[in-house]
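Here is a short report on one protein model.

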Amino acid sequence: MISAQLLDPQLQPLLYAKVTKYMLHGLCGVDNSQAKCMVNGKCNKHFPKEYRERTDWAEDSYPLYARPNNGLVFEHNGARFTNQYVVPYCPQLLLLFDCYLNVEISAGLGTVKYLSKYIYKGPDRATMEISGGMQDEIKAHLNGWFISPIEACWKIFEFNMHRESPAVQCLPIHLPNEHYVNFHAHQTVNEVLARQNVEKTQLTAWFNYDFVHDDGLGLTYWQFSQYYTWDAKVKSWYPRQWAKVIGRMYFVSPSKGEQFFLQLLLTIFEGGKSWEYLRTWNGQVFAIFKEACMARGLLEDDHGWRICLEEAIAIQPRMACRRLLAVILLTNEVAEPHLLWDQFKAGLCDDVKHKLHHMNHYQANQEIPENDVYDYGLWDLNRILVEMGRSLTDFPPMPLP
Ligand SMILES: [Zn+2]
């Protein structure tokens, strides 16, 4: 399906002609240090590639395609191209379209995450600075965006940007009487408050359902939404007849205090009946959610932080996860920060290999040592902490970069 090799001109003359016409990267590296693609002494596309006898799957990157050292050479104007210079192509597509066409296999879990991030990251943006005649003024920065003609047409015609299956039910988390209320600008406060069911949300309606029925008592808030359907008109839950839905609570950062502890309780609490019910443990009603978490042992052995990081790593970009760990450290309530790091460092740093490769400190096909990856992760974590006025040295025995 995909090849990165020259062909025998006798056996496949047509394809051979296309490959040599379109799919060769210009000589660079040791063969031509003046090539345009050379940045800091290295080709920015990592050519010439190493010879290899068979295709290997690489972790977190494109496959390493077979480029056998089989003596096949294409000569052009005195330059000699071997399999090391072939840009990966798909023979069928190359013959069909007759143009430069780089096709790569992209598989693995990372692809799914990449696609999902791509949908939600929004259009390209640029930060522009207006200067000249304003030297003594505070610099004005404008956050601009660029929409290509194709994207503009797509949106004007209101085509779908993406489709989701199964549907995801987003579940709000709010403290008592602190939920969002939508209203029109012309409405008065009294009009809004007089609206029927204005006090109800998915969360409080979950309490109401479990207060009256006992069929949902074995389910947590997010599990509940998979078996019950939300009727937004009357703001009530009903047993789900069909359709598969995944329930997800909005992520709450530990910097939100009580709201975070409420979320922590909701991740484990089966069958909520009321706010007070959530704050009750062993017959004792606690004044705040944090105390209820402590009584249940959720903050012992950093258990709550583990739940929080686990959830964040499943859904958030890695940069945001390292920032989250910094926020968690800043609460000063982590008993053993180094154990948290040890348990989650692989997840927290799984974007780092890609970053390091981009920085061109390593050869394209070179395996980056794990220690270098974690070292960069710690460096980045420390950078975030310094931004927040602290550093890793404040949280012994955290390892240092
Ligand atoms: Zn190059």
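Buried means under 20% relative accessible area, exposed means over 50%, and partly exposed lies in between, with a 1.4 Å probe and protein chains only. Helices (H or I, at least four residues) and strands (E, at least two) are DSSP runs numbered from the N terminus.

This is a predicted model: local features need pLDDT of at least 70, side-chain atom pairs count only at pLDDT 80 or more, and totals for chains, interfaces and linings use all residues. Residues are numbered from 1 along each chain as its sequence is written, and side-chain values use heavy atoms, with hydrogens and water left out.

**Confidence.** pLDDT is the predictor's confidence in each residue, from 0 to 100. The protein averages 86. Of its residues, 91% score at least 70. Helix H2 (residues 91-97) has the highest confidence, at 95. Strand E6 (residues 140-146) has the lowest, at a mean of 58. Where pLDDT is low, the predicted coordinates should not be read in detail.

**Helix H6.** Helix H6 (residues 202-212) is mostly covered, with 8 of its 11 residues buried. These are Gln 202, Leu 203, Thr 204, Ala 205, Trp 206, Phe 207, Tyr 209 and Asp 210. What covers them includes strands E7 (167-171), E8 (228-231) and E9 (236-239). Helices H7 (221-227), H8 (258-268) and H9 (275-278) are also among the covering elements. Contact here means heavy atoms within 4.5 Å.

**Zinc site.** Which residues coordinate the zinc ion? His 25 (NE2), Cys 28 (SG), Cys 37 (SG) and Cys 43 (SG) do, at 2.1 to 2.3 Å. Donors are N, O and S atoms within 2.8 Å of the metal (3.2 Å for Na, K and Ca); water is not among the atoms, so sites may look incomplete. The 4 donor atoms make angles of 106 to 114 degrees, and the site is tetrahedral. Along the chain, the donors follow the spacing H-x2-C-x8-C-x5-C. His 25 sits in the loop between helix H1 (13-22) and strand E1 (38-39), while Cys 43 is in strand E2 (residues 42-43). The two are 18 residues apart and link distant parts of the chain. Both His 25 and Cys 43 are buried.

**Helix packing.** Axes are lines fitted to C-alpha atoms, for helices over the stretch in contact; angles run from 0 to 180 degrees between N-to-C directions.

| Helix pair | Angle | Axis separation |
|---|---|---|
| H12 (residues 318-330) and H13 (residues 337-348) | about 175 degrees | 11 Å |
| H13 and H15 (residues 370-387) | about 110 degrees | 11 Å |

H12 is therefore roughly antiparallel to H13, and H13 roughly perpendicular to H15. Angles under 35 degrees count as roughly parallel, over 145 as roughly antiparallel, 65 to 115 as roughly perpendicular and the rest as oblique. On the H12 side, the contact with H13 includes Arg 318, Cys 321 and Leu 325. Its H13 side includes Pro 337, Leu 340 and Trp 341. Trp 341, Lys 345 and Ala 346 of H13 meet Tyr 374, Gly 377, Leu 378 and Leu 381 of H15.

**Backbone.** Most residues other than glycine have a negative phi, and most peptide bonds are trans. The bond from Phe 47 to Pro 48 is cis, with omega near -10 degrees. Another cis bond joins Pro 396 and Pro 397, at about -5 degrees. Asn 177 has a positive phi, near 60 degrees, and is exposed at 74% relative accessibility. Phi of Lys 235 is positive too, near 50 degrees. Lys 235 is partly exposed, at 23%, in the loop between E8 and E9.

Key
Four donors count as tetrahedral if all angles lie between 85 and 135 degrees; four count as square planar and six as octahedral if opposite donors are over 155 degrees apart and all others between 65 and 115; anything else is irregular.
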